[in-house]
Amino acid sequence: MTGMRIERLDLLAYGAFDDHSLDLKGPGVHLVHGPNEAGKSTTLSALDQLLYGIDHNTRYAFRHGNRTRLGARLSAADGVALEIIRQKRRKDALVDADGTPLTEEALVPFLGGVDRKTFTTEFALNSEELRSGGELLAAGEGDMAQLLAAARSGMRLNAVLKKIEERQRALYLRQGRNPRINAGLGRLKAVRQDLRDATLRPEQYQDAEQAVAEAEQRLEAVTVELKGRQRLRDNKRELREKLPALARYHALEQQIEEIRAQGPIATDDIREELPNLIKLHGEHEAVRSRDTQALKRVDEQLTEARKDDSLLQYAAVIEQLTRDVTAILDVARQHEDSSAEATRTRARAEARLRTVHTHATLTDENLYRVPPTLLKRGQELRDQGRKRHDDLDHARDAVKRWRDKREQADKKLSALPVLEDVSQLRNAHSAVPADLLTKLVDTETKEKKLDRRFRQARNRLDFPEMEPAEVLNLRLPEREEVSEAENAFRSLDQREHERAAELDRDQRQMAAHRRELARLVSDDAPPTHGELHALRAQRDELLTKFLGDPSGDVPLQEAVKRADNTVDLMLRHAEQVNQRANLEREIADLEAVIPDHQAAIEILLAERETARRSWEELWEAWPTATPESAQASRVLVDFDKLKSDAHELQDIRIDLDEQRERLDAHTARLRQLLRLNDDDPQITASTAHASARLAEMMEMVGGRLREHEAVATDRTAAQHDLATAESELAEAESIVARVQEAVTVHDERWQRFLGDAGLPADRDLDTALADLESLLGVAADVESAAEAENIVNRSGQRMSEFSQLMENTLRTCDRSVPASISGWQQAVDTLAQDLQDQREDAQQRAGLLKNKSELAAAVAEADAELTGLRSRLEGFYARLGVSSLAELEATAARATELREKYTALANVRQTLPEGQELALIRQQAEQTSVQELGAKLDDLDEEICELEASKADWLERRTERRQMLEGLDGGGDAASAAADVAQICAELAEDAEEYLRLETARIAILACMEEYRTSDQEPVLARASEVFGELSRGRYVGLELSDDERPSIRAKSSTGALLAPQDLSEGTSDQLYLALRLATLERHAVAGDGLPIAVDDIFMTFDEQRTEAALRVLDGMADRFQVIVFTHHEYVIRSAAKELPEGRCHVHQLPD
Amino acid sequence: MFWSLQFKIDRASVVGFTIKRESMKILHAADLHIDSPLRGLSRYEGAPEEDLRLATRRALENLVRLAIELPVDAVLLAGDVYDGDWKDYQTGLYFSRQMGILGRAGIPVYMVSGNHDAQNRTMRTLKLPDNVRVLTTGNPETVRNEKIGLAVHGQGFAQWDLTENLAAGYPARDGGLFNVGLLHTGLEGGHSDHKRYAPCTVADLEARDYDYWALGHIHTQQIVREEPWIVYPGNIQGRHARESGPKGCIVVTVDGDLRVRSVDHHDLDTARWERVDVDVTGLDDTDQVLSLVQQRFQEIPEERLTAVRVTLRGRTAAHTVLWREREQMLNELRAAAGYHPSLWLEKLKLRTSSEDTAGTGTTGLLTDLRRTLSALGADPDGLTTKLSRHPLIGVIPRRSRRSRGRTASIRTTRHGSNARPTRLSNSWNPSSRKHGDRNAHRTPGPSRLRRLR
């Protein structure tokens, strides 16, 4: 049992609304009015969101986001009420007025069994739905089942049904080709054909095997026959080829016989040797005659040749003289040069010796024959001596330099000041934190900023000068007290407003009534008794006069009309009288009510004064003027900010003081250590000053510490320099002593060297060495002079030996001896030339003699050969029985010819078979001819050609059939096609599943619709008839059903005609649909599920009268359902105010 | 043959004065269903369809490769090599070639026919290579292979609807050899999904006193018992969403004392079926749902082609939008799957509910519809009758209709997925799965069919 009403709808934070409430408590129709965009649809949407939860994705949270909230007071028919707040969140979305979470179950007593979908579709109606409902009526020709379903479900079932059928058509059509299932079936058919084509039957495989076997057999047979024919053809061809050879063979045999008949035939040896013998005989004859002539020419040359060999016996001596003469002449020149050189060298040696030992001669060999090693020793000693002396000089310089440096370092150290202890000062310096000053400055800046903020906050509240502590001590009213007082004010305002509105309305209504009364009073007066009497007399007269006379009809009718008019006038007046009475009663009522309103307003004003006073008391502690109630919340917020600023300011000031104390302490300590106490003892309060002083102090301490560091560094450096100089000096002195000792040792070794060289002891290093080198030069010169003298002796001896030999030879050969050395060359040359001439003559003679003996031997040999040859030819004559060389040559020629014939015969034999076969072939050749053979071969070629073609054909067929059989290798084409079939079947299954699901849905929906019809048809038709009659203002008196199997609705007009919906006007069909919708809703009331009905501008196609009628119908339902009408049309508001009874029309204006 | 003989001799070693065998490996597989297509996958742009077309063949090739690489001493096939209604003789030729490869590697194959094989008329004339021994169907028989020490007992299906207890008639144990019972059966107790062919009980099998029962027919890998070993290897390639998870074969290692040393599963499948249940409770919109599913896609291993069925569950604010934009959602998920080259989105199932409790009233349209629907649901036969009269039912191929006589639209309960492997033996070696991974390859070579002119 519900009959739920939303007594108050609070748009707390929803869409563009903030805290907007609609009081929907009153009975009758509630009209929510606002221009477009004023939030009408927002408010409408709030209803289901309130009852069933705010959508997660609602579009009305654009402003408040997750704070979006709705509130309401719900009441049920049994008087139970519930305050709820609906929030946009997953958890605790529903709470009661105290914020206690409620479960959705809490709403069940109010909602009954109506779910959100049902509520939003069945309990709400807008103009578009109404129009499409009207259209549905026309289109469906009033099908009752469809209509009832549409009316009950708010249209959707039909749309869903349409969609289902549309999708079904896309999936499958009985005669179609393009829908998915039809297309799939088409593909399936094709693929199944593929599968059938690809499927291999066992018989096909066996056929293929047999076909291969057959081809193989046939091929075998053809091959055998072909081979036989080819053999035969080969035989014939061979015979044809051999025929010419056989003919030649026969001819050769005959020629051989002929040659043998011509005479004797030389044997092979004679035939081969004979040409050679004849050739040799001719050659020997020619050689013999040529050599005999040459022999004669040699003899002549020998007799002419010259003979003188006297010098040949002295040839060896003459050749030696010729060889030596040039060398001896060179020796003679060298002899003279060397004796002059020896004299010159001795003179130079003596002169050099005297430069060292003034009076010495070259005979004093001990003076200059010194060992050459001495010179090297002397050079070493000289170099050593120089180095020792240099070292000594260096060492002495070093000693002097370091002594100077030590003195300088000593002076510098004694000039530096003495160090003092600064450890305390350093500790104090490092104890000052690095960021002390910056922190202080930060804190100070922050303090200033906070102070400024605090002052601004204070000024914003118009407070006098106050310290933060004072502000924190202020005691103000609690927030709850303030909001309570505010609510009280608001409630007063509202009541005042309402009262004033009621007063105003009543006053205006009274004025209107009075105007209406005045109009009624001023209207025409009613007919008097006299007038009535006159009229009646006139009628009677006419009746009497024209009774039965047709000419009297016209005046009689006029009279009747006039009488009727008078009666009408009277009736109207009677109504006016009635109206006037009503108006007067209402005016009297209003006059009684208006003072009540005024009194109530007075009381409200008094209450307001009391509230004002308690408000003032609440703000007693407030340091400035008491704030307005509307401002209170803001003031409290501002004050909270001020308090928090005061807190912060207080805190930062404490920090600041503490930091300043620390700064002062550090400054004092540093001053003490710097011993500055006397100069500036007082502590100043100025932070800037204190900071500057500390900074200055820090700088001084830093300077002091840096100074100390510098002195310490200088002293350390000076001490280090002094120590270095002292140690270096000691080192240098010890080096001087060591070098001095080395110089002494060297001097001793030098004296010893001078003694060894035979030089005086006073010679210095370089002079002594120059002397020594001179002495060594003298010794070398003496040596070279001795060498030259030696050469002179040896050359003299060689010259005398040569002179002796030459003179002896010349005398022996009867030649003259030259007087001087200068004639030697020419004498020797002449002798040698003569010897050469004699030698050449002797050689020529020996050659001629040798030639002569050789020629004589050759002539003798040729004679012997000729004799041998002639005896062999004689032998040949005897063997062959011939007598001449010409005959012999003829036998040889026949032998050669015969031999050629035999060779040709042998060649022919090679191309022919042997033995029995040859005999056979000769026999065959005799029996046939070339022409005959040619014809037979042509026949055979033809046969073979045919057989080969047949063989190739079968070969090809066999290959083909084998390939075909091999192709049946277990391929998967059929399996692939089966996979395709399976795939298409899968697709079909999916589509069919969808189709059947849709079909099931369709069946269910149709069943549902039918069920609606059977259960709702009677009551809904009855109720809809009433409503339709009312809505059409009596033009239609009801609804009836047709007699069809699927009955359809008919509108019954006041004239009794039954009209099908498609014959109704647009407005009327909309009304009919509205009637059905509203009638269907009654079902919910019966079931106790009456939820508020919300209609949104459904009067679009309605004229004013229909609108009024619709409003009346809605008002008629308003006791069972709460009725909320949303509209943006003023005339709807006007119509409602006019048409609905007092107190049953509530207009709620939405803010612009 | 020479080298394989040599190999066997090398494997025997002399211990004391008796020859002791070294270990023996047997590969046990069943339910190959060669060329049975993968069902339920509808084509869409970007789906890796080529790779899925001949998945059962690729799995068989993986089996052959595994047998040669390990190597194994024998291969046992426990029935259903073919699909019963499959008519392409090429499938038989293909199987024969694969067996030929094993033959050239010296590996004997022992097989029995299953109900599907018996049903299949096409393959009756097929000749198999010499290394394949198909056990008789009229009577049980025993095949002895002394060389490797194996005795295989078995009997195939003579007709497809065989309901006799074949196991009861199997021969007695053959002493001194490793005794294997090769049988295609729907073992009693459980497996209501499978029809009861050649029914028998565990006790029947135990009574034979064999060392190992190599069973076939149940497509889920299952070790029924360890003493003696009674094992279903499952099929070698999942073919639809109900055959999810890894698929492959069993390799049994037997030691010199003829005791089972280990029973290892090896993956052979090239494509796999997975279900991805996504809880979308509390998600606000489809974008969030989409990105959550995308995350789940990331978790699916990439190394093997995987067909995924996505089910969304839970209360979500996006419930209504998901249903309304189901097609778009499906397309977006398919596009998302497209980023994973080996992912195929098989189906999107919505099992979500609305967050909106306020919508559950007791009056109004939705309530009425719900009531009407539940009234329809309460009379499934009535609804089925209504729907089956629809012309669509006549034209939709039988393959596209769901099994067990119920139409797609009113299947309200989920078909129980087949029981997962209940238990793994102690010697179960998870790392051996890698083997299957390595073998997985997905590029089917171009297949040709030259038809007879």
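Modeller: A:Cys813 has a relative accessible area of 10% and is therefore buried, since the limit for that class is under 20%. This is a predicted model, and what follows should be read as such. B:Cys200 is also buried, at 1% relative accessibility. As for bonds between cysteines, a disulfide is a covalent bond between the sulfur atoms of two of them. Over all chains, the count of disulfides comes to zero.

Charge pairing is another matter. Side chains of opposite charge can pair when their charged atoms come close. Over all chains, the search finds 101 salt bridges.

One of them joins A:Glu709 to A:Arg426, with N to O at 3.2 Å. This pair links distant parts of the chain, 283 residues apart: A:Glu709 belongs to helix 20 (residues 687-757) of chain A, and A:Arg426 to helix 13 (residues 423-431) of chain A. A:Glu709 is partly exposed because its relative accessibility is 43%. A:Arg426, with a relative accessible area of 35%, is partly exposed as well.

A second bridge in chain A runs from A:Arg1112 to A:Glu1139, whose closest N and O atoms are 2.6 Å apart. Here the partners are 27 residues apart, A:Arg1112 in helix 28 (residues 1104-1117) of chain A and A:Glu1139 in helix 29 (residues 1130-1139) of chain A. Relative accessibility is 32% for A:Arg1112, so this residue counts as partly exposed. A:Glu1139 has a relative accessible area of 24% and is partly exposed.

B:Glu206 forms a salt bridge with B:Arg225, and the closest N and O atoms are 2.4 Å apart. The bridge connects helix 5 (residues 202-207) of chain B, which holds B:Glu206, with strand 11 (residues 222-226) of chain B, which holds B:Arg225; the two residues are 19 residues apart. B:Glu206 is partly exposed at 30% relative accessible area, and B:Arg225 is partly exposed at 32% relative accessibility.

Some bridges are joined up. A network of salt bridges links A:Glu447, A:Asp451, A:Arg455, A:Arg458, A:Glu465, A:Glu467 and A:Arg653.

Finally, some charged residues gather with their own kind. A:Asp651, A:Asp655, A:Asp657, A:Glu658 and A:Glu661 form a patch of negative charge on the surface. A:Glu658 counts as partly exposed because its relative accessibility is 41%.

Key: Residues are numbered from 1 along each chain as its sequence is written. Chains are lettered from A and ligands numbered from 1 in the order in which they are written. This is a predicted model: local features need pLDDT of at least 70, side-chain atom pairs count only at pLDDT 80 or more; totals for chains, interfaces and linings use all residues. Side-chain values use heavy atoms; hydrogens and water are left out. Patches are made of residues with over 30% relative accessible area and no salt bridge: like charges are joined within 9 Å, nonpolar side chains (Val, Leu, Ile, Met, Phe, Trp, Tyr) within 5 Å. Accessible areas come from the Shrake-Rupley method with a 1.4 Å probe; for residues, only the protein chains shown count as cover. A salt bridge is a side-chain nitrogen of Lys or Arg within 4 Å of a carboxyl oxygen of Asp or Glu. Lys and Arg count as positive and Asp and Glu as negative; His and the chain ends are not counted. The place of a charge is taken as NZ of Lys, CZ of Arg, CG of Asp or CD of Glu. Buried means under 20% relative accessible area, exposed over 50%, partly exposed in between (1.4 Å probe, protein chains only). A disulfide is a pair of cysteine sulfur atoms within 2.5 Å. Helices (H or I, at least four residues) and strands (E, at least two) are DSSP runs, numbered from the N terminus.
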